[in-house]
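Hello,

Here is the structure I promised to pass on. Please open it and keep it beside this email as you read.

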Amino acid sequence: MTTPPLPLHHASQDQPSTTPQPSPEDYNTQIDALLTRYLFLLNEYTTLRSSLSSLQSGMYQNLARANFAAERGMRYGKEYFDERMVAGRRLRVLPREARGEEDIWEEGNKDKEEEKVLEWRVVKVDEDGNKVVAKAEEKNGKKAQDETEKENTTQQEGNEAKEQDQDKQEDTTNPETDRHQKEDTSHGPQQDDGNEDAEKPDDDDKKNKIKKIRNDPLRWFGLLTPLPLRQAQTQAIQAVEQIIPRLVTVNTEMAQVEIEVRRARKRREKATVKAKAVGAEGVVGASA
Amino acid sequence: MATSQADAKDRQFLAVIGDEDSVTGLLLAGIGHVTAPPDSQKNFLVVDNKTENAAIEAAFERFTTERKDIGIILINQHIADRIRNRIDTYTAAFPTVLEIPSKDHPYDPEKDSVLRRVRRLFGE
């Protein structure tokens, strides 16, 4: 939403100046527009807050479920954290051009740098901190759009969870596959998923898989993790990737609008004082 | 502001100060990071009943002033209450502090700094 620019022809005929001064009413219009935008942002903020609360309470429930079903003495918590962990999801702060033309105010242009609103994003990265691009997109040569990427990553998580589920079921029902799997795991963690595939994956794919698995915090808690823990992870990822960065962005944007509102209010006060002074002069001039 | 925007590029981590479940959940999402030894600095702090306020404050200080690679600090609202004065007087743009609910303490809008700012703007 953009703030409407001030009308340029508003100076009264008493003022012969070449640069027309905005009247208090013009400032009122601007403040109203700013406050409307502020309320939209506030609405988004409260919506995001409630979705963050529900996602987090789901996450806590799932963690509690995982802990309840765990072996005696086992607790999914700090004791299992890997001391050499590397962040797989990192922050990107990008400057975003705010509204382009509303700052035609007197001192507006000198603060142009300030008017840039920062946009916060959380993206999935590999161990070296490079952004991970989904495989299908790479092959098709499509441009990596953030939204589709997010979908892909969440889908991947879901698929992983399903595969692990299947593995677990096989694990408990068939002792032969159990043995077979144990052999597999002794070869290395890269065999964990996709062992049904007849095709041999490329070396690059293998390396990527090893990296991906090594970088997955679920592995701190063992190879076969319970379903609630994986669900907790999915919810946490959603909160971290979609809700938290947006909340921070909206917060920064709100702070920016607050500054603009205060600035406009001050200018309105000045304009009111000026208008009154001009009015008084006019009265004095007429009576004389 | 221009300098802070350049500064923003290097801020790639999210830090967490929270109870064990909050930290575990968020670390499951892959935000946990320990820098290379010998420093081995963590970007999270697990707070329990035994953790002293001084330790929380020290971690907050470390994440806000010492470390230049942290962009967002997530802190449980009930833990933020324990160092409320420090949180309320913190005004820098980077890193941003975001208070999040915890298992035993749901989100309280009364304590939310953003909503307090809203009230101030309309109450003037």
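The second largest pocket holds about 900 Å³ of space. Keep in mind that this is a predicted model. The lining of this pocket counts 30 residues. Nearest its centre lie A:Asn251, A:Ala255, B:Thr91, B:Ala92 and B:Arg117. Start your viewing with those.

Which elements line this pocket with at least two residues each? From chain A they are α1 (24–69), β2 (117–124) and α6 (227–287). From chain B they are α5 (84–88), β4 and α6. The largest share comes from α6(A), with seven residues. By class, the lining has 14 nonpolar, six polar and 10 charged residues.

Over all chains the count is 18.

Another salt bridge joins the side chains of B:Glu20 and A:Arg75, at 3.4 Å from N to O. This pair crosses between chains. B:Glu20 sits in helix α2 of chain B. A:Arg75 sits in the loop between α1 and β1 (89–96) of chain A.

Now the interface as a whole. The size of an interface is often given as the accessible area lost when the parts come together. Between chain B and chain A, the buried area is about 4700 Å². Carbon and sulfur atoms give 65% of it. How many residues does each chain bring to the contact? Chain B brings 50 residues and chain A brings 54.

There are 20 residue pairs in polar contact between chain B and chain A, counting pairs with both residues at pLDDT 80 or more. On the side of chain B that touches chain A, these elements give two or more residues: α1 (2–9), β1 (13–18), α2 (20–28), β2 (44–46), β3 (70–76), β4 (96–100) and α6 (113–123) of chain B. The largest share of that side, nine residues, comes from α2(B). By class, that side has 27 nonpolar, 12 polar and 11 charged residues.

Best wishes

Terms used. Residues numbered from 1 in each chain as written. Chains lettered and ligands numbered in written order. Predicted model: local features only at pLDDT ≥ 70, side-chain atom pairs only at ≥ 80, totals over all residues. Heavy atoms only, no water. Contact = heavy atoms within 4.5 Å. Buried area = accessible area lost by both parts, 1.4 Å probe. Polar contact = N/O pair within 3.5 Å; in protein donor to acceptor, adjacent residues only side chain to side chain. Helix = DSSP H or I, 4+ residues; strand = E, 2+ residues; numbered from the N terminus. Nonpolar A, V, L, I, M, F, W, Y, C, P; charged D, E, K, R; others polar. 1 Å grid on protein atoms, 1.4 Å probe; cavity = no way out; pocket = protein on both sides within 12 Å on 5 of 7 lines; lining within 4 Å. Points joined across faces, edges and corners; volume = space filled by probe spheres on them. Salt bridge = Lys/Arg side-chain N within 4 Å of Asp/Glu carboxyl O.
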